[in-house]
Amino acid sequence: MNRVWLKIKRIWGIRDLRRKLVVTAAIVAVFRLAAHIPVPGVDSASLKQLFQANQFLNLLDIFSGGTLANFSIMALGLNPYINASIIMQLLTMVFPRLEELSKEGEIGREQINQYTRLITVPLAVLQALGMYALLKAQSVIGTLNVVALVAMVITMMTGTLLLMWLGELVTEYGIGNGISMLIFAGIVGRLPVTLGQTTVITATINPTNIAVFAVLAVAVIVGVVIVNEAVRQIPVHYARRIRGGQLLGGQSTHLPLRVNQAGVIPIIFAVSLVLLPSLLSRFLQAVPNQIVAQAAERIALAMNPGGWVYNLTYFLLVIGFTYFYTAVVFNPEKIAEEIKKYGGFIPGIRPGKPTADYLNLILTRITLAGALFLAVIAILPSIAQGLTGVGTLTLGGTGILIVVAVVLETSKQVESLLIMHNYEGFLKR
């Protein structure tokens, strides 16, 4: 305990790190405050009853950070921005011009970010209309005139843009990835509510089931830590060479390939997409055309959280996004070129394209293990619900992976800043 306290004092004693922590805490406080500002015209009592009885909306609320249950100005959460990011990354792989733009350094990335923000606006409008139709069908909100409807849609769209801006501020001036940090803050903020709902129903649940869930939760946390920290060490040797009359190289090192290169992003992307069919189908159930309404009802029933279609879709999406995002963040050709440039080679592998092919083969194999782990964790809440019967806690358990992964990534960033500060102090001496 004394060592932890000393480390906290050391972190707080570094001005740059202290500023980043204060900025992050202030932005999270603004987010949590805005999450409790409701959109006018909603029956709060009916909304609360609807969320307690609807598993789909409960799951949607968790990943909006609790803003949906209050139907706040940020009720849409970051889903439109996440979906826009997915669309832009897919377009980058399809259109060569966007791919070239992504390789132009900071200017190119900023331009792509601007396109992502522009795509977020129409997506937020569509999701706001879908949310209105869903709540209207459940008699939570009355029929609005055109002016009131436009005002509500603009309010919800603005809330999403504000949340997107806050996330970018955290990324630039704070600690960790802004989007992940805000989702983390929302999940943690919903934890007391989830525990409170569970306390109410535990009287009718066997305590053994609660113990089973607790064991599963601990196993998930341990598994996430192990997989996040697991790496495959690829040996790299550097040949000796003479430059400027000096003998350089000759040393050996390792290239660490993480089992989970994509981190928590595949889960966030998969959740955003797997909930879309249910949301759209519930919107289409209100249309006058009976054929469309019945088809939408069947889709909503099939994609209900906990069903086998939903779990299978979620499972496959997580695996797909793990490979997709790993390909985005790790480029074997670039790494192989860098190794070749500095006179390095992997024992038994020729430099250049054979090295890139070898790295790609290794990465494909270890990513499969990481992807399967993430996919199993993603559907584990449904498995836990079947074993324990505790519906509220299993919904909260969906966020365990995100919470643990964000904590690990943030702690690594803090540690790297501490090491950087130590090096700066050494150089100044």
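Predicted model: local features only at pLDDT ≥ 70, side-chain atom pairs only at ≥ 80, totals over all residues.
Me: Why is Val94 called exposed?
Reply: Val94, which is found in helix H5 (residues 79–94), has a relative accessible area of 57%, and because the label exposed is given over 50%, Val94 is classed as exposed.

Me: What makes Thr116 buried or exposed?
Reply: Thr116, a residue of helix H7 (residues 105–137), has a relative accessible area of 4%; since buried means under 20%, Thr116 is therefore called buried.

Me: Which residues is Thr116 in contact with, leaving aside its neighbours within four places in sequence?
Reply: With those neighbours left aside, Thr116 is in contact with Tyr81, Ala84, Ser85 and Met88, where contact means heavy atoms within 4.5 Å.

Me: What makes the nonpolar surface patch that includes Val94?
Reply: The patch, of about 320 Å², is made by Met93, Val94 and Phe95; patch residues need over 30% relative accessible area, and nonpolar side chains are joined within 5 Å, so Val94, at 57%, passes the area cut-off.

Me: How many residues does the protein chain have, and what share of them is buried?
Reply: The protein chain has 429 residues, of which 44% are buried, and it holds 18 helices and five strands.

Me: What share of the contacts with a separation of 6 or more joins residues 24 or more positions apart?
Reply: Residues 24 or more positions apart account for 73% of those contacts in the protein chain.

Methods:
Residues numbered from 1 in each chain as written. Heavy atoms only, no water. Patch = residues over 30% accessible without salt bridge, like charges linked within 9 Å, V, L, I, M, F, W, Y side chains within 5 Å. Areas by Shrake-Rupley, 256 points an atom, 1.4 Å probe, with all protein chains shown as cover. Salt bridge = Lys/Arg side-chain N within 4 Å of Asp/Glu carboxyl O. Helix = DSSP H or I, 4+ residues; strand = E, 2+ residues; numbered from the N terminus. Buried < 20%, exposed > 50% of the residue type's maximum accessible area, 1.4 Å probe, protein only.
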